[in-house]
Structures are given as C-alpha cells and as structure tokens.
Amino acid sequence: MKSFLSAIAVSVTIITSVAHAAEVTAGDLVVEQAWARATTPSAKTGATYLAVRNTGSEPDSILSMETPVAGHAVAHQTRQEGDVSRMSEAGPLSVPPGGALEMRPGGTHIMLMDLKGGLKVGQQFPLTITFEKAGQVEVPVKVGKPGAMGPE
C-alpha cells in the first residue's frame with residue numbers, strides 16, 4: 001500500500017511539473033496554455049491561442065507580440081455575422097485586474113503572418129509578448145494537430 005501511495009505521489013508531482021512548465025509569470029500576470037495549430041508547409045498564416053490571468057489589482061495590456069516563426073504577430077478577433085465568420089484586428093488587448101484574457105478558436109487569437117515555413121505537429125516555438133506594465137515575457141508555444149480545438 002505504501003509503494004502504491006508513493007507511486008501516486010510521484011505521478012501527481014510529474015503531472016503538476018508538466019502543467020506548470022507551460023506557465024510563464026510576468027509580474028502579476030500568468031500566461032498559460034499557449035498552443036498553435038499545425039499548418040501546411042507552404043502556409044503563410046497560422047493562429048496561436050493562450051490565456052493570460054491577472055492576479056494583480058491593476059489592469060494590464062498587450063503592447064506587442066513577436067516570434068521567429070513569423071514576420072509579425074497580430075491580435076485578431078473572429079466574429080459570427082449571420083452564417084459568415086469574419087476576422088479582423090482586435091486592437092489593444094487588456095487583462096482586467098483579477099480577470100483573464102482567453103484566446104480560443106472562433107474568438108480572439110494571435111494571427112501569425114508571413115510564416116517562415118509551416119507549423120509542424122510537436123514543434124515548439126517562442127512567442128515574446130510585451131505587456132504595458134508587466135514588461136516582456138517569452139512564452140513557449142506547442143503546435144498541435146491541424147483543426148485542434150485546444151492544447152494537447
């Protein structure tokens with residue numbers, strides 16, 4: 001029984017370490033669950049999703065984003081207008097105090113423009129986000145399957 005409980009404790013520790021490995025903290029902000037969908041090798045655009053939690057008492061906002069896998073990264077928003085989905089630049093993104101900014105398929109996301117080769121399943125790349133108050137943070141983004149609806 002003792003070895004069984006030890007095995008469970010080790011498993012919980014490993015799972016917790018993996019889950020926390022994807023979290024990056026910058027000041028009062030926690031950036032987590034950063035992922036992207038795989039693209040074709042010739043794709044020029046891709047999308048990245050993540051969540052930012054603000055544990056502080058002041059709002060913060062994203063000033064810029066960049067990654068070596070794309071020419072530039074821009075916040076986009078998908079809106080449903082009748083039967084048509086439309087995508088446009090989202091403008092400044094803020095994270096309310098005690099709240100979160102959730103980026104998901106079909107909503108707000110980071111559009112990677114001018115990809116330098118496609119995004120491959122299992123690939124990981126850095127995304128540098130500059131926040132107005134928390135400063136700059138480098139977030140690891142893991143690439144999932146094409147059509148994925150969440151981090152794998």
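Is glutamate 32 buried or exposed? Glutamate 32 is buried, with a relative accessible area of 13%; here buried means under 20% relative accessible area, exposed means over 50%, and partly exposed is in between (1.4 Å probe, protein chains only). The close-up views below start from this residue and then move on to other parts of the model.

This is a predicted model, in which local features need pLDDT of at least 70 and side-chain atom pairs count only at pLDDT 80 or more, while totals for chains, interfaces and linings use all residues. Residues are numbered from 1 along each chain as its sequence is written, and side-chain values use heavy atoms, with hydrogens and water left out.

View 1. Look for glutamate 32 in strand β2, residues 29-37. Helices (H or I, at least four residues) and strands (E, at least two) are DSSP runs, numbered from the N terminus. Leaving aside residues up to four places away in sequence, glutamate 32 touches Ala22, Glu23, Leu50, Ala51 and Arg53; a contact means heavy atoms within 4.5 Å. With one of these, arginine 53, the side chain of glutamate 32 makes a side-chain polar contact of 2.9 Å. A polar contact is a pair of N or O atoms within 3.5 Å; within protein, one must be able to donate a hydrogen and the other to accept it, and residues adjacent in sequence count only if both atoms are side-chain atoms.

View 2. Side chains of opposite charge can pair when their charged atoms come close. A salt bridge is a side-chain nitrogen of Lys or Arg within 4 Å of a carboxyl oxygen of Asp or Glu, and by this rule the count comes to 5 salt bridges. Arginine 53 forms one of them with glutamate 23, where the closest N and O atoms are 3.9 Å apart. Arginine 53 lies in strand β3 (residues 45-54) and glutamate 23 in the loop between α1 (2-21) and β1 (24-26), so this pair ties together parts that are 30 residues apart in sequence. Arginine 53 also forms a salt bridge with glutamate 32, and here the closest N and O atoms are 2.9 Å apart. Because arginine 53 is in strand β3 and glutamate 32 in strand β2, this second pair ties together parts that are 21 residues apart in sequence. Arginine 53 is partly exposed at 31% relative accessibility, and glutamate 23 is partly exposed too, at 26%.

**View 3. Leucine 50 in the nonpolar core.** A nonpolar core is a set of buried Ala, Val, Leu, Ile, Met, Phe, Trp, Tyr and Cys residues joined through side-chain atoms within 4.5 Å. The largest one here has 32 residues, and Leu50, Leu112 and Ile129 touch the most other members. Not counting residues up to four places away in sequence, the contacts of leucine 50 include Val31, Leu101, Met103, Ile110, Leu127 and Ile129. Glu32 and Gln33 are also among the residues that leucine 50 touches.

**View 4. Strand β5 and its two partners.** Two strands pair if DSSP finds at least two bridges between them. Strand β5 (residues 70-81) runs antiparallel to strand β9 (residues 108-115), and 7 bridges join them. Glutamate 81 has valine 84 as its bridge partner in β6. The hairpin of β5 and β6 has 2 residues between the strands, and glycine 82 there takes a positive phi near 65°. Glutamate 81 also forms a salt bridge with arginine 79, with the closest N and O atoms 3.4 Å apart.

**View 5. Positive phi away from glycine.** Most residues other than glycine have a negative phi, and most peptide bonds are trans. Glutamine 33, in strand β2, has a positive phi of about 55° although it is not a glycine. At 47% relative accessibility, glutamine 33 counts as partly exposed. Aspartate 114, in strand β9, has a positive phi near 55°. Its relative accessibility of 45% makes aspartate 114 partly exposed.
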